[in-house]
Amino acid sequence: MTSVYKSRPIKRHRRTRDEMQTIREGLYQILEQDHPQTIRGLFYQAVTRGLVPKTEAAYKNTVIRLMGDMRKDGIIPYGWITDNTRWMRRPTAYGSAEDALLHAWQYYRLDIWSRLPDYVEVWCEKDALAGVIFEETSEWCVPLMVSRGFASLSFLHSAGQEIKNQWKNYGKTTYIYYLGDLDPSGVSISQTIKRCLEEFSGDAQVIFQRIAVTHDQVDELGLPTRPTKTTDSRAKAWEGDSVELDAIPARTLKALVRSYILSHIPEHTRDHLTTVEQNERLALYRIYELTKGATIQ
């Protein structure tokens, strides 16, 4: 008699209702304490706290699914999860000149770098994390450049020309602070950006520093790793696992960016520039009040 071998069904553990509720509550607590975050970043925090295993299945079938359900149900505000990969283009327009003046005094920002000796840019490999980092760069009027992996030559040339302009016209040294994945492609991306910016900026003084992810941070922060992708052509020369930028907690990432920016702005200068900005915003408000309700013939 010939034996017939059949594949055995794979038995998967189905979480109980209480287990799923524990995960939901854990995800909520992570976001309540530190938001906005990317879903990928939230996943790594959930792994660190033992809420879910470090697998793509847990990321896609548990964290992503629960985030969708919890936002639709109104449990988690949509703004707690950031996604800068989708955006629209639309020119700024106003209903009237009065509206434009109203907008001007409400949102006026002083370009503090026009009064400082350095020029600073923050570069990020991942578009999805721009929403996290932008909270810090926007507060101090620092350009946030998102490379989306390997940036185009046009983008790099344009950035290099601005660096050249800062050096030629204002004598400013440019400081580039870069954040990206610690993997074969992530390291290659940062090296390419550094080389191209130095080439396209001519004789300008450019100081390029990778501030995340670094090997020291992996140990100091206990960051979760992932296997290096074998499909990456650069993986042959890479030793060990890889670490995604999303693995750094959002709060830590923002504090890191803030510390590098503020290293160029002395504390007494910050107070002075804040006062100047407030006074100039007040001047715009007075102009708005004088023209409010006026009819243009």
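**Sheet, helices and loops**

Modeller: Starting with the sheet, E3 and E4 run parallel and are joined by six bridges. Helices (H or I, at least four residues) and strands (E, at least two) are DSSP runs, numbered from the N terminus. Two strands pair if DSSP finds at least two bridges between them.

Biologist: Before we go on, what sort of model is this?

Modeller: This is a predicted model, in which local features need pLDDT of at least 70 and side-chain atom pairs count only at pLDDT 80 or more, while totals for chains, interfaces and linings use all residues. Residues are numbered from 1 along each chain as its sequence is written, and side-chain values use heavy atoms, with hydrogens and water left out.

Biologist: Fine. In what order do the four strands of the sheet come?

Modeller: The order is E2-E1-E3-E4, in an open sheet with parallel pairing. E2 (144-146) and E4 (206-212) are the edge strands; each has a single partner strand, so one side of each is left without a neighbour in the sheet. From one strand to the next, the twist averages 25 degrees.

Biologist: And how many bridges do E1 and E2 have?

Modeller: Three, with E1 covering residues 118-124. Cys-124 has Val-146 in E2 as its bridge partner.

Biologist: Is E4 mostly covered or mostly open?

Modeller: Mostly covered, as five of the seven residues in E4 are buried. Buried means under 20% relative accessible area, exposed over 50%, partly exposed in between (1.4 Å probe, protein chains only).

Biologist: Which helix lies across E1, E3 and E4?

Modeller: That is H9 (residues 250-262), running at about 160 degrees to E4. H5 (residues 130-139) lies across E1, E2 and E3 (173-179), and runs at about 160 degrees to E2. Axes are lines fitted to C-alpha atoms, for helices over the stretch in contact, and angles run from 0 to 180 degrees between N-to-C directions.

Biologist: Change of topic. Why is H2 largely enclosed?

Modeller: Nine of the ten residues of H2 (residues 39-48) are buried, so the rest of the structure largely encloses this helix. The buried residues of H2 pack against H1 (17-33) and H3 (56-72). Contact here means heavy atoms within 4.5 Å. After H2 comes Gly-50, with a positive phi near 75 degrees.

Biologist: At what angle do H1 and H3 pack?

Modeller: At about 75 degrees, with their axes 11 Å apart. H1 and H3 are therefore roughly perpendicular to each other. Angles under 35 degrees count as roughly parallel, over 145 as roughly antiparallel, 65 to 115 as roughly perpendicular and the rest as oblique.

Biologist: Which residues make that contact?

Modeller: From H1, Met-20, Ile-23, Arg-24, Leu-27, Tyr-28 and Leu-31; from H3, Thr-62, Arg-65, Leu-66, Met-67 and Met-70. They divide into eight nonpolar, one polar and two charged.

Biologist: Which residues touch the most other members in the largest nonpolar core?

Modeller: Val-52, Met-67, Leu-179 and Leu-245, out of 59 residues. Apart from that core lies another, of 16 residues, including Trp-123 and Tyr-178. A nonpolar core is a set of buried Ala, Val, Leu, Ile, Met, Phe, Trp, Tyr and Cys residues joined through side-chain atoms within 4.5 Å.

Biologist: Now the backbone. Where is the cis bond to Pro-36?

Modeller: The cis peptide bond joins His-35 and Pro-36, with omega about 0 degrees. Pro-36 is in the loop between H1 and H2. Another cis peptide bond joins Ala-212 and Val-213, with omega about -10 degrees. Val-213 sits in the loop between E4 and H8 (215-221).

Biologist: What is phi of Cys-141?

Modeller: Near 55 degrees, a positive value in a residue other than glycine. Cys-141 is in the loop between H5 and E2, and is partly exposed at 24% relative accessible area. Arg-148 also has a positive phi, near 55 degrees. Arg-148 lies in the loop between E2 and H6 and counts as partly exposed at 49% relative accessibility.

Terms used:
Ala, Val, Leu, Ile, Met, Phe, Trp, Tyr, Cys and Pro count as nonpolar, Asp, Glu, Lys and Arg as charged, and the others, Gly among them, as polar.
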